[in-house]
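Hi everyone, thanks for coming. Let me put the structure up on the screen, and then I'll talk you through a few parts of it.

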Amino acid sequence: MTYLADVAALTRKDLRVELRAQDTLPAMLLFVLSTLVVFHFALPEGTGEDAAYGLLWVAIVFTALLGLARAWVPEQEHGVFDGLVLAPCDRSAIWVGKTVATLAFLLAAQVVALPAFALFFAPLDAVALVGVLLADIGICAVGSLMAAMAAAGRARELLLPLLLLPLSIPLIVGGVGSAISTEPERYLLLLALYDGIFAVLSWASFEYVVTES
Amino acid sequence: MIRAAGLEKRYGSRRVLRGIDFELPRDGFLLVTGSNGSGKTTLLRVIAGLAAPTRGKVQVDVHRGRVGFLAHEPLVYRALTALENLDLFGRLYRVPERRERIGMLLERFGLWEVRSERVEDYSRGMSQRLALCRALLHDPELLILDEPYASLDEHGAGLLDRELDELAGARTLVVSTHDPARIELLATQRLVLA
Amino acid sequence: MSSAFSWIHGLPALATLAAGLIGLALLLSFFIAPEDGNQGISQRIFYIHVPIALTAYFCFGLGAWKALLLLWRGEERHDLESYVAIHQGTIFGLLTLITGAIWAKASWGVWWTWDSNQLVLFLTLFLFYCAYFMLRFSLPEGPRRSRSSAVYALFGVALIPVSFLAIRLAEDFIHPTTFTRDGPQMTGTMFTAFCVSWVAVTLLAYVLYRVELVGKRLHTDLRELREALE
């Protein structure tokens with residue numbers, strides 16, 4: 001039970017820090033909306049709807065990358081990361097808190113972006129939205145871990161996209177498939193499988209990434 | 001309490017610590033001195049468990065939840081207030097009677113008046129005092145302080161003097177400094193790094 | 001000090017065996033096995049392309065195994081072993097893409113096709129492991145680098161089945177499936193040539209892995225000697 005209490009305290013902290021600083025969420029929102037406008041000009045006249053879904057997913061992944069790049073910044077200031085690692089709580093709780101908070105920000109940005117997309121490009125049904133949710137979980141879970149890895153080194157802004165993009169390919173396949181396929185359940189199953197495997201892997205390996213012994 | 005044998009720490013090809021051996025019994029006070037770059041911070045980080053030795057062993061007979069660490073950086077969130085920071089760490093360290101303890105510490109270190117201001121508005125001396133509160137919050141058995149006087153103002157230094165006076169002999173202490181004159185008398189052991 | 005030298009044991013013999021087997025495999029593949037009715041001469045690339053692809057997977061698997069050992073047992077030597085295995089895997093991965101492109105050009109007239117999901121997903125893996133090196137080069141040497149690399153290597157092998165599933169979902173029209181559920185669609189000699197080639201390439205990869213390890217360990221030993229003299 002203390003594990004959940006730790007996660008709650010850490011998630012609350014992440015949400016509070018972002019609400020105070022207010023730089024990540026507005027940036028993500030502005031980015032995804034600007035990207036959608038760019039897509040309007042990038043898609044030639046007469047392009048089918050399917051292409052629009054593909055671009056939506058590109059927008060989602062890059063918005064997530066933007067949010068994840070800033071995910072651990074509060075911990076890097078004043079060396080707070082060491083403070084968290086020294087605490088007796090399970091280190092994986094730190095990962096859970098960060099993942100839940102990042103997911104919240106991504107969903108908040110999408111609450112605005114998805115209706116805008118549906119209005120200007122192509123409709124999104126319930127299945128597609130479930131696909132978005134599942135993929136969001138996957139990106140945030142893996143992304144929090146990768147961001148923590150990248151944060152320890154040089155050129156961290158460059159490194160995170162490199163680490164995350166190959167891993168996001170199955171998510172994009174699943175997401176686009178759930179929007180355009182006639183049998184979307186298979187794609188939702190793929191997304192659920194991805195989430196299951198990679199969330200557990202990320203959760204279990206976070207401890208190793210942030211400690212030396 | 002702490003046993004180090006043949007401790008070595010290397011960063012890439014640079015060897016920062018070589019052949020460190022010492023034994024510190026419970027309630028001892030180890031003073032670590034040496035010039036800048038001699039590895040004081042590295043040694044303290046190894047003892048705290050933040051860094052793993054490249055060679056050799058260090059054994060610390062206390063769970064990390066009973067260790068308090070003071071670094072060069074304050075280890076607190078800039079965007080949060082003193083109260084929020086201490087509340088978070090108080091929860092993570094399972095501090096009993098959290099609110100009372102936080103209030104007591106903030107007052108002791110002269111931060112009660114500014115408890116609801118964000119750390120980013122603090123001076124360097126104030127954030128280091130908050131860092132001290134953080135390190136002492138859970139009444140640790142082992143206190144590791146890395147150059148604690150380095151970023152404290154006169155007021156803060158006096159508070160720290162008083163604190164160390166009380167803690168010496170009652171808790172195990174490892175303190176590094178490059179100005180040993182201040183606390184030499186309290187130390188029971190000394191380690192000089194080349 | 002003996003770390004590098006113990007790894008040399010048996011290496012010259014293994015290397016000779018690998019070279020011999022490769023020679024035999026090439027002989028069987030290009031001269032002795034019968035020509036394929038549908039694709040003709042270009043099909044012979046298959047004897048090299050598929051074993052190379054399988055060996056790449058093998059190397060990545062070896063890298064992940066060593067990574068697991070590092071995280072589990074904490075012995076630093078596994079970090080180097082994992083890194084070298086993945087390094088070999090990436091080289092063989094590049095060779096897979098090149099031989100695949102040659103086969104595609106010879107069979108279908110294009111150097112690359114996005115419809116071939118197996119090629120695309122191999123590309124995904126290849127990109128993934130290239131990022132592994134970026135990760136390694138951006139982190140300073142130490143436990144953080146070994147552990148992060150190890151975790152990433154494990155993610156790589158987890159990605160393989162998930163990506164494979166993504167293949168199966170999307171339509172696959174062009175990439176010829178030589179192994180179906182009923183077993184390999186090859187005649188006896190073809191199958192022999194394939195198997196010899198597979199064993200040869202795997203052994204070659206292993207020998208290269210050992211050679212690179214020896215080289216890297218010698219480098220470390222030399223550095224430690226220098227420091228001991230200071």
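Predicted model: local features only at pLDDT ≥ 70, side-chain atom pairs only at ≥ 80, totals over all residues.

Residues are numbered from 1 along each chain as its sequence is written, while chains are lettered from A and ligands numbered from 1 in the order in which they are written.

The sheet, then. Chain B has an open sheet of three strands, ordered β2-β1-β4, with antiparallel pairing. Strands are DSSP runs of E, at least two residues, helices are runs of H or I, at least four, and both are numbered from the N terminus; two strands pair if DSSP finds at least two bridges between them. Because β2 (14-24) and β4 (55-60) of chain B each have a single partner strand, they stand at the edges, with one side lacking a neighbour in the sheet. Strand β1 (residues 2-11) of chain B pairs with β4(B) over five bridges, and E8(B) sits opposite R55(B) in β4(B).

Now the interface. Here 24 residues of chain B are in contact with 22 of chain A, contact meaning C-beta atoms, placed from the backbone, within 7 Å. On the chain B side, β5 (67-70) and α2 (82-92) are the elements giving two or more residues, and α2(B) has the largest share, four.

Finally, I47(B): leaving aside neighbours within four places in sequence, its contacts are I2(B), V58(B), V60(B), I144(B) and V174(B).

Technical notes
Contact = placed C-beta atoms within 7 Å.
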